[in-house]
Structures are given as structure tokens and as C-alpha cells.
Amino acid sequence: MRCEQHPDTAGAHLLVVDDHPDIRQSLTVYLQRQGWRVLAAADAREADQLLARERIDLVVLDVMMPGEDGLSLCRRIAGTQTVPVILLTAMDRSSDKLAGFDSGADDYVVKPFDPPELVARIRTVLRRWSRIGAAAATRTPPALENRRRYRFDGWTLDLGRRELVDREGKPVALSGTEFRLLQVLVEHPGEVLSRDRLLDLVGDGEASSFDRSIDSQVSRLRKKLEPDPRHPGLLKTVWGNGYLFAPAVSASLASA
């Protein structure tokens, strides 16, 4: 039975990565019946090939796979592409979930799962990413917004190039979520932002039932920004309240 497709997620192109043929095939067919285009891969190598040649809107990724596992593949996707990832795994401990979010995943579904629940999670993530893209496209004036450049403590965040450059002028790779988080922080310097507020601003508030995911994203960003992430000087924790971006931030427009 084909479910009625939501207009804001219709036509999305999904990639299912799972080494179990039965699971891969049944999940592919089920998701196709929801109105999505779906490709399937048995391992990280096949997934890389499909991601290189196809425009993928979301990846459903099994964690436990032979060869390169799902967490490693998720980290690579998060570091090189702006594609959301939902992890599938039989591991349900809090530490496992933290590892999943730390790898850059947008959501985490524990096996065995109810297929309609997975469909709902997929729609939620697609809608969230769609809203972020639409907001970026409709800011006023968009030409100026796309040229905005922020500088802090010797670092430069260029929104137009979607690039972070360190104090030595070297680009630093950021996942899509890390980039959005840092953009929120440089736009609210010196302001204490609660976890809920950060989730809302970054765009993850709707689906982040696992509220420590924002802590994981902050931890990953600190590893890229801070000389000593254990004693952060830029992105500080305000215990019981949230996080504070401490350095002075200047904004300018890049040359057209």
C-alpha cells in the first residue's frame, strides 16, 4: 500500500546502505512505496560510488557493516558533503547514541524498528533540511547575506564559500551541522544560548529527542577550533544554562 506523500518531502532521493540483502531490499521497496526514489548499497565502497555520481538527499545507514563501518562512513559524509544521515543500529546504549551523533548523524534509529517510524524520521529530517535551505535562499538581501564573512580570534567563517579558515589561512573541513552551529554562534557572540535555543537556531529542534546531541556537536566543533578542547577559550560552557561564544566577532562583506 502506497502512503500519501507529503508535498515538502516528495521526490526526495534516498540512499539505503546495509550489508544484509534482505533488509536492504525490503527497506528499499518500502521506502519506494512512500513515493521516494531509492538507491541501495551493500557497503561503504558502493555508497561512495553512488554519492559521487548521484544527487542524494538523505542516507539511511547501517552501523554494523563489514569493512568500513557505518560510523566511519558517516564521519566522511559529514566532513565532505551536505547530506543528512540517519543511522540504523541494534545498539541502544546512551554511549552508542552519542557515538552516532558524534559521527555527524542527524538521527539515530534502533533496530528492530517500526517502518512507519523510520518514514516519519526521514520526513522530519528532510523537512528540517528543506527549511534551512529555504531560509538561506530567502534572506534579505540574499546577495549580501551570501557574501557575509565573520572574523574571530584570527579565524574566518565565509558564508558565501561555506568555508572556515584557521589562523594560518588553512581551510578546516566542517560538516553541515557544524557549519550551521558555528554560524549561529558567530551571529550571537557573548550571548548565553541554551541547548533548546541552539537546537532551534541550528534547525535540529524538531527531531532532536536525544537532547545531548547538541553537546556532541559542540564537542566536535571544539576539537576543530580550540588548541585544548578540554579547556575551551572560544566556545565556553555556562553550567546549567548552555553555551557562550566568547571571542569578539566582526562581520564584513566579501568582494563581489
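**Exercise 1. With which side chain does the side chain of Asp-158 make a polar contact?**

Solution. The structure is a predicted model, in which local features need pLDDT of at least 70 and side-chain atom pairs count only at pLDDT 80 or more, while totals for chains, interfaces and linings use all residues. Residues are numbered from 1 along each chain as its sequence is written, and side-chain values use heavy atoms, with hydrogens and water left out.

Step 1. Locate the residue: Asp-158 belongs to strand β7, residues 155–158. Helices (H or I, at least four residues) and strands (E, at least two) are DSSP runs, numbered from the N terminus.

Step 2. Apply the definition. A polar contact is a pair of N or O atoms within 3.5 Å; within protein, one must be able to donate a hydrogen and the other to accept it, and residues adjacent in sequence count only if both atoms are side-chain atoms.

Step 3. The partner is the side chain of Arg-149, at 3.3 Å. A polar atom of the Asp-158 side chain also lies 3.0 Å from the backbone nitrogen of Gly-160.

Step 4. List the contacts (heavy atoms within 4.5 Å). Apart from neighbours within four places in sequence, Asp-158 touches Arg-148, Arg-149, Glu-163 and Phe-179.

**Exercise 2. Is Asp-18 buried or exposed?**

Solution. Step 1. Asp-18 sits in the loop that joins β1 (13–17) to α1 (21–32).

Step 2. Recall the cut-offs: buried means under 20% relative accessible area, exposed over 50%, and partly exposed in between (1.4 Å probe, protein chains only).

Step 3. The relative accessible area of Asp-18 is 1%, so Asp-18 is buried. Asp-158, from the exercise above, is also buried, because its relative accessibility is 6%.

Step 4. Describe the surroundings. A polar atom of the Asp-18 side chain is 2.9 Å from the backbone nitrogen of His-20. Not counting residues up to four places away in sequence, the contacts of Asp-18 include Ala-41, Ala-42, Asp-62 and Lys-111.

Step 5. For the protein as a whole, 46% of the 256 residues are buried.

**Exercise 3. How do the axes of α7 and α8 cross?**

Solution. Step 1. Two packed helices are described by the angle between their axes and the distance between the axes. Axes are lines fitted to C-alpha atoms, for helices over the stretch in contact, and angles run from 0 to 180 degrees between N-to-C directions.

Step 2. The axes of α7 (residues 176–187) and α8 (residues 195–202) come within 9 Å and cross at roughly 115 degrees.

Step 3. The two helices are therefore roughly perpendicular. Angles under 35 degrees count as roughly parallel, over 145 as roughly antiparallel, 65 to 115 as roughly perpendicular and the rest as oblique.

Step 4. Name the residues that make the contact: Thr-177, Arg-180, Leu-181, Val-184 and Leu-185 from α7, with Leu-198, Leu-201 and Val-202 from α8.

**Exercise 4. At what angle do α4 and α9 pack?**

Solution. Step 1. Helix α4 (residues 94–102) and helix α9 (residues 213–225) have axes 9 Å apart, at an angle of about 50 degrees.

Step 2. This makes α4 oblique to α9.

Step 3. On the α4 side, Leu-98, Phe-101 and Asp-102 make the contact; on the α9 side, Ser-213, Ser-216, Gln-217, Arg-220 and Lys-223 do.

Step 4. Another residue of α9 is Leu-225. Leu-225 is buried, at 3% relative accessible area. Beyond four places in sequence, its contacts include Phe-152, Trp-155 and Leu-182.
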